[in-house]
Amino acid sequence: MATTSFHKKTLGLETSEPAVTPPPSGAETTFVKKPKLASSKSKKREIPEGLWEKCPKCSNMVYDKELDENLKVCPKCSHHFSIGARERINSLVETCSFEEMDAEMKSVDVLEFTGAASYKSKLEYYEKSTGLKDAVVTGIGMIGSHRVALAVMDFSFLGGSMGSVVGEKLTRLIEAGTNKGLPVIIISSSGGARMYEGMFSLMQMAKTCGALGYLGRAKLPYISVLTNPTYAGVMASYASVGDLIIAEPGAMIGFAGPRVIKDTTQAELPPGFQTAEFLLDHGLIDAIVPRSEMKMRLSCYLDFLMQGQGRSASLG
Ligand SMILES: [Zn+2]
């Protein structure tokens, strides 16, 4: 089921891809439409892509700059747009405190997977389009007065899917946290395991959870932050085993997608099914934290969870 729901997401990406793929080789901005608009300066100013975003919740047009300044949260209705891993890290850690780990680690096409496009070409494409080497950025930084081992997933890299590199980087981060006496925070955003790596991606579920087991034995806390969307193999492994599980408002969280569940159970799903708010009511998550408060709240939770461990954390 993990593969099915992710498969659908990948298909979605694939369908939009042919339109997007050609530009990277040349200039992205030279569209055929441009010469037509060149005659009117005022129109030209309105047209450039990426200046405005339509909010899917309130349908208002939001100025991109305003959205960036507001941590990608709609200023009108507080809808949380997806945010890149690096932007999110910048919004959470103290300035210049983040030391990235395994920044050069890259996925290998072990199975020589080919479909509509080869895995290798997809990796190359997403590396260029996101500026990331894979779907997670890991490292050690300061949040408030706490040194933390922090991982942030990026949905824009192959749907935030978990392959060998994501699993390995997370495992190394958790192990570094365990060895240095640091709390671990993983911010998830994923469609699940990466089908292009077959069984190797599924093995990451056990590996990451094994490492978290050792972290727990060392009595160090693990905070899992779920953002929109967190599904399938990621939700079925490290994302759902936090000592504290928090989510962003409106985030969709689950194992299989609602359509698959509806088709399988042949039952009407309750309103708000798989939203963070629904899962808070049903006890799966502990708190919903708006992005603007995330840093402050994580810092407070760490104050509480790291009580009595301050010395080891600051020594690490
Ligand atoms: Zn809105």
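Modeller: Let us begin with leucine 226. Two residues are in contact if their C-beta atoms, placed from the backbone, lie within 7 Å. Leaving aside residues up to four places away in sequence, leucine 226 touches Ser188, Ala239, Ile245, Ala247, Ala251, Ile253, Ala276 and Ile285. This is a predicted model, in which local features need pLDDT of at least 70 and side-chain atom pairs count only at pLDDT 80 or more, while totals for chains, interfaces and linings use all residues. Residues are numbered from 1 along each chain as its sequence is written.

Biologist: What is the mean pLDDT of the protein?

Modeller: pLDDT is the predictor's confidence in each residue, from 0 to 100. Here the mean is 86, and 82% of the residues reach 70 or more. Residues 1-44 stay under 50, and the model has 39 contacts beyond four places in sequence for them. The pLDDT is also below 50 over residues 312-316, a stretch with eleven contacts beyond near neighbours in sequence. Where pLDDT is low, the predicted coordinates should not be read in detail.

Biologist: Which residues have the most contacts inside the largest nonpolar core?

Modeller: In soluble globular proteins, nonpolar side chains tend to be buried together. A residue is buried if 20 or more other C-beta atoms lie within 10 Å of its own, exposed if 12 or fewer, and partly exposed in between, with C-beta atoms placed from the backbone. A nonpolar core is a set of buried Ala, Val, Leu, Ile, Met, Phe, Trp, Tyr and Cys residues joined through C-beta atoms within 7 Å. The largest one has 66 residues, and Val152, Val184, Ile185 and Leu226 have the most contacts inside it. Strand β5 (residues 146-153) supplies the largest share of this core, six residues. In the protein, 38% of the 316 residues are buried.

Biologist: How many helices and strands are there?

Modeller: Helices (H or I, at least four residues) and strands (E, at least two) are DSSP runs, numbered from the N terminus. By that rule the protein has 13 helices and nine strands.

Biologist: How many bridges join β4 and β5?

Modeller: Two strands pair if DSSP finds at least two bridges between them. β4 and β5 are antiparallel and share eight bridges. They form a hairpin with two residues between them, and glycine 144 in the turn has a positive phi of about 60 degrees. Strand β3 (residues 99-101) is also antiparallel to β4, through three bridges. Glycine 139 of β4 stands opposite glutamate 100, and its bridge partner in β5 is leucine 150. Of the eight residues in strand β4 (residues 136-143), seven are buried.

Biologist: At what angle do helices α7 and α8 cross?

Modeller: Axes are lines fitted to C-alpha atoms, for helices over the stretch in contact, and angles run from 0 to 180 degrees between N-to-C directions. Angles under 35 degrees count as roughly parallel, over 145 as roughly antiparallel, 65 to 115 as roughly perpendicular and the rest as oblique. The axes of α7 (residues 164-180) and α8 (residues 198-217) come within 9 Å and cross at roughly 5 degrees. The two helices are therefore roughly parallel. Among the residues making the contact are Leu170 and Ile174 of α7 and Gln204 and Ala211 of α8. Glutamine 204 counts as buried because it has 26 C-beta neighbours inside 10 Å. It touches Met162, Ser164, Val166 and Gly167, not counting residues up to four places away in sequence.

Biologist: Is helix α10 covered or in the open?

Modeller: Helix α10 (residues 258-265) lies largely in the open, because zero of its eight residues are buried.

Biologist: Which peptide bond is cis, and where do positive phi angles occur?

Modeller: Most residues other than glycine have a negative phi, and most peptide bonds are trans. The bond from asparagine 228 to proline 229 is cis, with omega near -15 degrees, and proline 229 is found in strand β7 (residues 222-230). Glutamate 112 and leucine 158 each have a positive phi of about 50 degrees. Glutamate 112 is exposed, because it has 9 other C-beta atoms within 10 Å, whereas leucine 158 is buried, with 29 C-beta neighbours inside 10 Å.
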